[in-house]
Amino acid sequence: MTMAFLRYFFLFSGFLLFGLGTALAIQVSYLGLHPWDVLNVALYARHGLTIGSWGIICGLVLVSISFVVDRSYINIGTFLNALLIGPIIDFFLWANILPEASHEWTDYMILLAGIVITGVGGGLYVAAGIGAGPRDGFMLSLADKTRLSVSQARVIVESLVLLIGFLLGGPIFVMTFVYTFIQSPAFQYSLAFFRKLLHVAARINKDSGFVA
């Protein structure tokens, strides 16, 4: 197995998990969603199309801005991220295979599963090293062009996105404000694990004489 194949396997597997986790969270959106999902759901409720379609539109807008401001974080994986995760979300929502909201304590378990799965999926596709996602790339570009840290840029951007989503009537509740505290550790552990896995695979390939 070449390293290029493994990296793209990580990339597309990460997209699949991220889309699944997001769709799970949307099933119980009354508990609150991540700021970007709040915006996408609000735009869907107001203007139609699909939630995934708005994800694509927002992603491509951010890629366009990043391309003008600082294209160093744009790669083929950035465009694939912007174009594919939205349809994956729409597929899982359309397929009607996910648990429905029961408005009981089990909804919190569904949301928790969705948050963890998106965190793992994000770590998996970032570990592939084929380009930052459009949102991450935008925030990295913003941090590079200002005196903000990456975390400060993230807080500012996601707070603005959350405000716009709120004004458009998006689903904001208590879990919106604890989302990152669960998703970020899942992302960090996943990223470290899959990067280590890629490193091991690269060493095995090198020892075996395979070309990456």
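**Figure 1. The residue just after helix α2.** Just after α2, G48 has a positive phi of about 80°. The model shown here and in the other views is a predicted one.

**Figure 2. Length and burial of helix α2.** Helix α2 runs over residues 35-47, 13 residues in total. Buried residues in α2 are P35, W36, D37, V38, L39, N40, V41, A42 and L43.

**Figure 3. A charge over the ring of W36.** W36, one of the buried residues of α2, has the charged end of R135 over its ring. The distance from that charged end to the centre of the ring is 5.2 Å.

**Figure 4. An aromatic cluster.** Y8, F12, F15, F18 and Y125 together make up one aromatic cluster. In the whole structure, a search finds 8 aromatic pairs.

**Figure 5. The largest pocket.** This pocket has a volume of about 870 Å³. Its lining consists of 40 residues, and those closest to the pocket centre are F18, Y125, D136, R154 and F187. Among these, F18 and Y125 also belong to the aromatic cluster. At least two lining residues come from each of α1 (3-27), α2, α3, α4, α5 (106-127), α6, α7 (150-167) and α8 (179-208). Helix α8 gives the largest share of the lining, 8 residues.

**Figure 6. The largest cavity.** A search of the whole structure finds 1 cavity of 30 Å³ or more. The space in the largest cavity is about 30 Å³. Its lining is made by L62, V63, S66, Y73, I74, T78, G133, P134, G137 and F138. Helices α3 (51-69) and α6 each contribute at least two residues to this lining. Both helices also supply at least two residues each to the lining of the largest pocket.

**Figure 7. Confidence along the chain.** The chain has a mean pLDDT of 87, with 96% of its residues at 70 or more. Confidence is highest in helix α4 (residues 76-95), where the mean is 94. Helix α6 (residues 134-145) has the lowest confidence, with a mean of 80. Helix α6 is also one of the helices that supply at least two residues to the lining of the largest cavity.

Key. Residues numbered from 1 in each chain as written. Predicted model: local features only at pLDDT ≥ 70, side-chain atom pairs only at ≥ 80, totals over all residues. Heavy atoms only, no water. Phe/Tyr/Trp six-rings, centres within 6.5 Å; stacked < 30°, edge-to-face > 60°. Lys NZ or Arg CZ within 6 Å of the ring centre and 35° of its normal. Helix = DSSP H or I, 4+ residues; strand = E, 2+ residues; numbered from the N terminus. Expected span 1.5 Å × (residues − 1). Buried < 20%, exposed > 50% of the residue type's maximum accessible area, 1.4 Å probe, protein only. pLDDT = per-residue confidence, 0-100. 1 Å grid on protein atoms, 1.4 Å probe; cavity = no way out; pocket = protein on both sides within 12 Å on 5 of 7 lines; lining within 4 Å. Points joined across faces, edges and corners; volume = space filled by probe spheres on them.
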